[in-house]
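Subject: Structure handover

Hello,

Here is the structure for your files, followed by notes on what was found in it.

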Amino acid sequence: MAQEIQWQDGNSLDLLSEALHNGNEVVVWFEGEPAQDLIAMAQHLDPLNEKPDLKRPGLYPAQALLGANRHEHIQPLSRLHETADNNGYLVDLDPDAGSMRFYKGV
């Protein structure tokens with residue numbers, strides 16, 4: 001079962017960093033302005049960075065998703081792109097639900 005984190009501030013980033021270092025599956029939930037930033041980020045992602053071999057939209061390598069993040073309320077996530085990428089995470093982005101699920105790639 002995935003660890004769930006409600007995105008709020010720097011403490012959320014610390015919790016996520018620890019979970020990724022430990023190899024845990026994590027779901028990060030966003031509300032308010034961070035959720036709006038998540039939607040904006042999703043609209044500007046390059047579909048070529050999706051994982052087409054898995055035949056489903058919204059699934060990205062961590063570095064492609066987090067490394068390009070420049071949206072004010074969720075920008076701190078970009079600091080974790082190397083940690084997530086080096087630990088083999090994929091990110092399932094669901095802007096409609098306001099969530100990002102980090103899990104180990106197949």
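Glu-25 is partly exposed, with a relative accessible area of 33%, and Arg-101 is partly exposed as well, at 31% (buried is under 20%, exposed over 50%, partly exposed in between, with a 1.4 Å probe on protein chains only). This is a predicted model, in which local features need pLDDT of at least 70 and side-chain atom pairs count only at pLDDT 80 or more, while totals for chains, interfaces and linings use all residues. Residues are numbered from 1 along each chain as its sequence is written, and side-chain values use heavy atoms, leaving out hydrogens and water.

The side chains of Glu-25 and Arg-101 form a salt bridge at 2.5 Å, N to O (a side-chain nitrogen of Lys or Arg within 4 Å of a carboxyl oxygen of Asp or Glu). Glu-25 sits in the loop between α1 (10-21) and β2 (26-29), and Arg-101 in strand β5 (residues 99-104), 76 residues apart. Helices (H or I, at least four residues) and strands (E, at least two) are DSSP runs, numbered from the N terminus. The count of salt bridges comes to one.

The open sheet has five strands in the order β1-β2-β5-β4-β3, with mixed pairing (two strands pair if DSSP finds at least two bridges between them). β1 (3-6) and β3 (59-61) stand at the edges with a single partner strand each, so one side of each has no neighbour in the sheet. β2 and β5 run antiparallel, joined by four bridges. Val-27 stands opposite Arg-101 in β5.

Regards
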